[in-house]
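Please open the structure in your viewer and keep the sequence beside it. The tour below moves from stop to stop, saying what to select and what is to be found there.

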Amino acid sequence: EAIAICNAIIKQFPESLGAKKCSSLKSQINQKNISITAEEYIPIDKNSRLLVNYKNIDRLCFSGFKVSKEQLSKFNKTYNDNEKITFINSLEKVKNWEANLRNEEDFLQHTTEVVVPKFKQGNYLIVASESEDLSSKKIYGTTAIQVTNLTLVQNNFDHKTNYQIVDRNNGKPIQNATIHLTNEKKYRGAAINKKLITDKNGFAS
């Protein structure tokens, strides 16, 4: 209805201020957008799901890129779109898949879930866009996942921090796992950089 009213005003009074405002409103209504969210940790070789929030889109192409923690940190600190796209295109692509979205053509935000294919162990950047070819003229969304069968459980007891590594699929404790503790050095406070080995019950402190 808003689009129809805008079109009528633009047609009847094309040079008016109202027509210019209607053109701006039409652009906002027709604007496409997308964001994707994933579970941060997922098991090895098991399907998971992405939460997709979108507007005015009926199909998406997804790509999974292998990344290191250092590369992911660099990407998260990059804010220029052209630099982000260049960075993404430099990564190793390991998965491609597509999903059709329900487009009600009501110009509203919608949410759906999309199945993610199975991944091997590692860190991945997931990219969603209207086409496989990324460019600054096309919208896209990103999220990161870590594929692992391990879960780190942390608790504090008697002013002491305890850690436990367990299998995320069955809860079994993992013996002889290495936990590497680090922090970003601030202006104040000591730097942390130490390794712990879990015992037969998966604990380390």
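Arg49 is partly exposed, with a relative accessible area of 46% (buried is under 20% relative accessible area, exposed over 50%, and partly exposed in between, with a 1.4 Å probe and protein chains only). This is a predicted model, in which local features need pLDDT of at least 70 and side-chain atom pairs count only at pLDDT 80 or more, while totals for chains, interfaces and linings use all residues. Residues are numbered from 1 along each chain as its sequence is written, and side-chain values use heavy atoms, with hydrogens and water left out.

**Salt bridges**

Strands here are DSSP runs of E with at least two residues, helices are runs of H or I with at least four, and both are numbered from the N terminus. The structure holds five salt bridges.

Next, select Glu98 and Arg59, whose side chains meet in a salt bridge at 2.9 Å, N to O. This pair also links distant parts of the chain, Glu98 being in strand 5 (residues 92-100) and Arg59 in strand 4 (residues 59-67), 39 residues apart. Arg59 has a relative accessibility of 31% and therefore counts as partly exposed.

Then turn to Glu132 and Lys93, a salt bridge in which the closest N and O atoms are 3.8 Å apart. Glu132 lies in the loop between strand 7 (122-129) and strand 8 (140-147), whereas Lys93 is in strand 5, so the pair ties together parts that are 39 residues apart in sequence. Glu132 is partly exposed at 44% relative accessibility, and Lys93 is partly exposed with a relative accessible area of 35%.

Which way does helix 1 run relative to helix 2, parallel or antiparallel? Select helix 1 (residues 2-12) and helix 2 (residues 17-30), which pack at an angle of about 150° with their axes 9 Å apart; that makes helix 1 roughly antiparallel to helix 2. Axes are lines fitted to C-alpha atoms, for helices over the stretch in contact, and angles run from 0 to 180 degrees between N-to-C directions. Angles under 35 degrees count as roughly parallel, over 145 as roughly antiparallel, 65 to 115 as roughly perpendicular and the rest as oblique.

To see where the two helices meet, show side chains including Ile3, Cys6 and Ile10 in helix 1 and Cys22, Leu25 and Ile29 in helix 2 (contact means heavy atoms within 4.5 Å). By class, the contact of helix 1 with helix 2 has nine nonpolar, four polar and one charged residues. Ala, Val, Leu, Ile, Met, Phe, Trp, Tyr, Cys and Pro count as nonpolar, Asp, Glu, Lys and Arg as charged, and the others, Gly among them, as polar.

Move on to helix 3 (residues 69-76) and helix 4 (residues 81-89), whose axes come within 10 Å and cross at roughly 160°; helix 3 and helix 4 are therefore roughly antiparallel to each other. Gln71, Lys74 and Phe75 of helix 3 make the contact with Lys84, Phe87 and Ile88 of helix 4, and these residues divide into three nonpolar, one polar and two charged.

**Two buried residues**

Select Ser48, which lies in strand 3 and is buried, with a relative accessible area of 10%. Not counting residues up to four places away in sequence, Ser48 touches Ile42, Val114, Val115 and Val116.

Now go to Ile34 in strand 1 (residues 33-38), which is buried with a relative accessible area of 14%. Leaving aside neighbours within four places in sequence, Ile34 is in contact with residues including Val52, Tyr54, Leu60, Ala128 and Tyr140.

**Two loop residues**

Most residues other than glycine have a negative phi. Select Asp45, which is not a glycine and yet has a positive phi of about 55°; Asp45 lies in the loop between strand 2 (41-42) and strand 3, and counts as partly exposed at 33% relative accessibility.

The last stop is Phe107, where phi is near 65°, a positive value in a residue other than glycine. Phe107 lies in the loop between strand 5 and strand 6, and at 32% relative accessibility Phe107 counts as partly exposed.

Key. A salt bridge is a side-chain nitrogen of Lys or Arg within 4 Å of a carboxyl oxygen of Asp or Glu.
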